[in-house]
Amino acid sequence: MKQKNLTKVDVYNEDYIKLNNAYITMYDTCQRLSECKDADSNVVRVLQQILFAFDHTLDQIKSEMTVKTHFKDEDDVVATTMGESGGKIFHPKFD
């Protein structure tokens, strides 16, 4: 059902964590697949392309959110790595 007066920022605020978790899952799967001796290079390449586009989209969504998100590793520091495409990869623990 459609909610009345719902804005894109409302959706961003409600669904960003789910989208980011999906990104992390896809990234981890892509990494594991790329380490397989029989990896399908086409599947890995497509996943990398999706992650590259998705990374920029998540950044845009996050920039328009009105609620804060918290990314922490074991030492309460933002945990990021750089993907092959140069995109930021978050490996968060959420509060």
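Buried denotes a relative accessible area under 20%, exposed over 50%, and partly exposed the range in between (1.4 Å probe, protein chains only). The model is predicted, so local features require a pLDDT of at least 70 and side-chain atom pairs a pLDDT of 80 or more, whereas totals for chains, interfaces and linings use all residues. Residues are numbered from 1 along each chain as its sequence is written, and side-chain values use heavy atoms, with hydrogens and water left out.

View 1. The mean pLDDT, the predictor's confidence in each residue from 0 to 100, is 79, and 68% of residues reach 70 or more. Confidence is highest in helix 2, at 93, and lowest in strand 1 (residues 80–82), at a mean of 52. Of the 95 residues, 24% are buried.

**View 2. Tyr23 and Phe54 form an edge-to-face aromatic pair.** A search of the whole structure finds 1 aromatic pair. Rings of Phe, Tyr and Trp (its six-membered ring) pair if their centres lie within 6.5 Å; planes under 30 degrees apart count as stacked, over 60 as edge-to-face and the rest as tilted. The ring centres of Tyr23 and Phe54 are 5.7 Å apart and the planes stand at 65°, so the pair is edge-to-face. Because Tyr23 belongs to helix 1 (residues 8–34) and Phe54 to helix 2 (residues 41–64), the pair ties together parts that are 31 residues apart in sequence. Tyr23 is buried at a relative accessible area of 2%, and Phe54 is buried at 17%.

**View 3. Lys8 and Glu64 are joined by a salt bridge.** A salt bridge places a side-chain nitrogen of Lys or Arg within 4 Å of a carboxyl oxygen of Asp or Glu, and the count comes to 2. For Lys8 and Glu64 the N to O distance is 3.0 Å. The pair links distant parts of the chain, with Lys8 in helix 1 and Glu64 in helix 2, 56 residues apart. Glu64 is partly exposed, at 24% relative accessible area.

View 4. Asp15 is partly exposed at 26% relative accessibility, while Lys18 is exposed at 55%.

Terms used:
Helix = DSSP H or I, 4+ residues; strand = E, 2+ residues; numbered from the N terminus.
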